[in-house]
Amino acid sequence: MYLNEHFLSIQGEGAFMGRLAIFLRFNGCNLRCVGFGVKKLAPNGQILTGCDTIKAAQSEHFSPGLKASKDELINIVKNYNAPNAMIVLSGGEPLLYHANADFLGFIEFILAQGKIIQIETNGTIFVDFEKFQVLKNCYFSVSVKLANSAESKHRRINARALSALFNNAKCFYKFVLSGDESEIDEINEILNLQKGEVWAMSLGAKASELEKRAIKVVNLCLKNGFNYSDRLHIRLWDDKEGV
């Protein structure tokens, strides 16, 4: 396992929006989501396209980052000296490491301290919760990608993985919307596979992009009975990294 970055901030999205949090962002992802249109210049001069966490999701184009053993992760959390902070495991796709002994050992240690752990996932990785039972005590922010990600449906929707998550752990959906009515049909299709509480938020890696879509997304939430999530970190710091 390798960490792309770690930082103390607030959780900007979803059910825990505004909560003090220590973020541990892991390298690696099984999706590319080029439809989100964020561009980043790689060290070799290649222009990469994807989500707003390209450096983690497409980490093979950048430096490997910090090797993340159980003890390294524990020391990072301790050094922030923020006892009231929840722990957010992000990426990339952190569930790529769900069977890793250091990953599981770290989670077990943090839960024993009485802390909340939220794992941010795209919902495509099947987890055997009977084998890895410590994960039942985590919260999962399940951000299933819609067609606006430009990922094919068979890559971005895994009914078996969603069923395992929502029937074994504390989960909620977090969808990224551009504000089109057709996206509601996509969400309902996913909910027909696996029910869950929904937070919807605007597509955009910059505050100006969020502003263009926010009212549309709010209106879709009001019309369809969904929760609205802003993206506070983007509102506050725009596209700055490490926040």
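Tutor: Two strands are said to pair if DSSP finds at least two bridges between them. Strands (E, at least two residues) and helices (H or I, at least four) are DSSP runs, numbered from the N terminus. The model is predicted, so local features need pLDDT of at least 70 and side-chain atom pairs count only at pLDDT 80 or more, while totals for chains, interfaces and linings use all residues. Residues are numbered from 1 along each chain as its sequence is written, and side-chain values use heavy atoms, leaving out hydrogens and water.

Student: Which way do β1 and β2 pair, parallel or antiparallel?

Tutor: β1 and β2 are antiparallel, with seven bridges between them. One of the bridge pairs is L8 with I22, the latter being in β2.

Student: And how many bridges join β2 to β6?

Tutor: There are five, and β2 and β6 (residues 86–90) run parallel. Here I22 has I87 of β6 as its bridge partner.

Student: Is β2 mostly covered or mostly open?

Tutor: β2 is mostly covered, with six of its seven residues buried. Buried means under 20% relative accessible area, exposed means over 50%, and partly exposed lies in between, using a 1.4 Å probe and protein chains only.

Student: Changing topic, which residues does the UniProt "binding site" annotation cover?

Tutor: The annotation, from an unreviewed UniProt entry, covers C29, C33 and C51. These residues span 23 positions in sequence, yet no two of their C-alpha atoms are more than 10.9 Å apart, so they gather at one spot. UniProt positions are given in the numbering used here, feature names are shortened, and annotations may be inferred rather than shown by experiment.

Student: Where is C33?

Tutor: C33 belongs to the loop between β2 and β3 (38–41). C33 counts as buried because its relative accessible area is 5%. Leaving aside neighbours within four places in sequence, C33 is in contact (heavy atoms within 4.5 Å) with G50, C51, K145, S149 and E151.

Student: What about C51, buried or exposed?

Tutor: C51 is buried, because its relative accessibility is 14%. C51 sits in the loop between β4 and α1. Its contacts, again leaving aside neighbours within four places in sequence, are R32, C33, F36, V38 and A57.

Student: E151 came up as a contact of C33. Which residue does E151 form a salt bridge with?

Tutor: E151 forms a salt bridge with R155, their closest N and O atoms being 3.0 Å apart. A salt bridge is a side-chain nitrogen of Lys or Arg within 4 Å of a carboxyl oxygen of Asp or Glu. E151 is buried, because its relative accessible area is 10%, whereas R155 is partly exposed at 37%.

Student: Why would such side chains pair in general?

Tutor: Side chains of opposite charge can pair when their charged atoms come close.

Student: How many salt bridges does a search of the whole structure find?

Tutor: The search finds 15. One of the salt bridges joins the side chains of R231 and E13, at 2.8 Å from N to O. This pair links distant parts of the chain: R231 is in the loop between β11 and α8, and E13 is in the loop between β1 (2–10) and β2 (20–26), 218 residues apart.

Student: What else does R231 meet in a salt bridge?

Tutor: The side chain of R231 also meets that of D52, at 3.2 Å from N to O. D52 lies in the loop between β4 (47–50) and α1 (54–57), and this pair is 179 residues apart, again linking distant parts of the chain. R231 is buried because its relative accessibility is 6%, while D52 is partly exposed at 38%. E13, D52, E120, K174 and R231 are linked in a network of salt bridges.

Student: Now D230: where is it found?

Tutor: D230 is in the loop between β11 (227–228) and α8 (232–237). D230 counts as buried because its relative accessibility is 15%. Not counting residues up to four places away in sequence, D230 touches G12, E13, M17, L210 and R235.

Student: Which side chain does the side chain of D230 make a polar contact with?

Tutor: The partner is R235, at 3.0 Å. A polar contact is a pair of N or O atoms within 3.5 Å; within protein, one must be able to donate a hydrogen and the other to accept it, and residues adjacent in sequence count only if both atoms are side-chain atoms.

Student: Last one: is G225 buried or exposed?

Tutor: G225 is exposed, because its relative accessible area is 66%. G225 is placed in the loop between α7 (207–224) and β11.
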